[in-house]
Amino acid sequence: MADARPFHWEFVPEPVTREVFRIEGGVPLRGEVPISGSKNAALKMLAAATLTGERCRFTNVPEIEDVRVMAETLRDLGVVVDHPAPNTYEIASGDVEWLFVPLEAAAKMRASFILLGPLLARFGRVIISNPGGDRIGRRPVDLHVEAMRTLGATIEYRNGYYFATAPGRLRGTEVRFPFVSVMGTENILLAATLADGHTVIRPAAKEPEVDDLILFLQKMGADVERTYEDTIEVRGQRRLRGAEHHVIPDRIEAGTFAVAGAVTGGEVTLTGAPCEHMTAFLEVLDRAGVSARCEGDRIEIDGRGLGDGAFRAVDIRTAAYPGLPTDIQPPTSVLLTQANGDSRVHEAIFEDRLEWLTELNRMGARIDIADNQHATIHGRTPLHGTEAEIGDLRAGASLILAALAADGESTIHGAHHVQRGYENIERKFADLGARIARLEEGTISTTS
Ligand code: UD1
């Protein structure tokens, strides 16, 4: 029987290998780039595999740091996690030994909190650390906790940990969120698959990664359905079975490479891309004058813009799906530095996701940050190489984009943030002709 593990409060972070990206900008990118599996879908599915003792198999899992952290976290619980081939994971949760998700896991990755739902539903208790993740505002988990309580869980918060119990089974009920939360929806969805009775989740997140999770749960034998656009209904089962699933492609990675093609004035074809999940972003590209042609799972980006390499200014506002994803706002902001005129950016999902724009200003951009949700990008400004520090995943990828578009050399510190969510990013850029290398800090001065 699984047990709660005795734990210690002191947390000493593991040392991170300090690596930098060294980039020589100004090369138009050309060629094809394969899009990897979705980070935000894969992480939830690996967690969902703990809902059953039977073996689950996943393909098209991105080889990224966050997946590695989730795999290690599961192994620490006693789950068998095999990695038989690149991008393939197999998970068997027959003998879960510990019901404890420590701060070590949570501090590295906010998505570790997704283990609350499945572990609580299957084992009736779990101790889980308050999560960390990207430094982009407060990012609380109160919605997850409150919703889990409505399913009958008792949850206490002490010393940075949630102590959750649900003797017997969780009870199906109506869960009403005050506003849409992606992981909140997913946590309740996972818990409800093993709850006693019928659960209605409303408003449920509409993100394609949530639908991919639903598809996987259905393969496991769960009775889950999106009955309306913003409503998911679940009829809880006593047991679920093992299943296989091929993870959907990553629409944020696809958007990042699309911007790379555009800002370098290149021609880049994204292969295996989820065109149907990128409508809002493709509309922004269209309004900006970037040609993006979708054919099946290929998107051809022509970054020649309005003729002189410039684009049109566009006002953007992030929103829950199907709106413009907050994760694609930073790359889009880089594109808008190359647009003629003023573009207004409204970041409506997270606080403090505009702070990194000051780094873009250091590269020659002219951006006024009015408050933590509003900025104006005055274009068009040539960018120049610089030394910059990455603060979070999406801002990090965007600094790389800016450095690729810039004249001269850039050194971008904090490469580990980008490896959390992008598979082989420097190799993919190099294959498109970029002059980019990932180097250990100590070797910077000696390697060109
Ligand atoms: C997920 C994605 C992230 C993406 C975000 C929005 C994963 C692992 N991450 O994050 O890449 O940027 O969706 O599309 O899938 N909130 C609360 N209380 C809560 C939960 C959320 O106040 O309990 C707030 C957040 O601070 C934010 C908003 O709700 O302002 C939306 O956040 P949410 O949709 O929950 O984002 P995540 O699921 O954490």
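Author: Two strands pair if DSSP finds at least two bridges between them; helices (H or I, at least four residues) and strands (E, at least two) are DSSP runs, numbered from the N terminus. The model is predicted: local features need pLDDT of at least 70 and side-chain atom pairs pLDDT 80 or more, while totals for chains, interfaces and linings use all residues. Residues are numbered from 1 along each chain as its sequence is written, and side-chain values use heavy atoms, without hydrogens and water.

Reader: Which strands are the edge strands of the open sheet of four strands?

Author: The pairing is mixed, and the strand order is E2-E15-E17-E16. Strands that pair on one side only form the edges, and these are E2 (30–34) and E16 (291–295).

Reader: Which residue in E17 stands opposite Ala292?

Author: E16 pairs with E17 (residues 298–302) in the antiparallel sense, over five bridges. Within E17, the residue opposite Ala292 is Ile301.

Reader: Which helix gives the most residues to the shell around the ligand?

Author: The ligand is surrounded by 19 residues (a heavy atom within 4 Å). Helices H1 (39–48), H5 (142–150) and H6 (182–192) each supply at least two of the shell residues. With three residues, the leading contributor is H5.

Reader: How much of the ligand's accessible area does the protein cover?

Author: A polar side-chain atom of Asp142 lies 2.7 Å from a ligand nitrogen atom, and one of Ser181 lies 2.7 Å from a ligand oxygen atom. On its own, the ligand has 750 Å² of accessible area (Shrake-Rupley method, 1.4 Å probe). Of this area, the protein covers 87%.

Terms used: A polar contact is a pair of N or O atoms within 3.5 Å; within protein, one must be able to donate a hydrogen and the other to accept it, and residues adjacent in sequence count only if both atoms are side-chain atoms.
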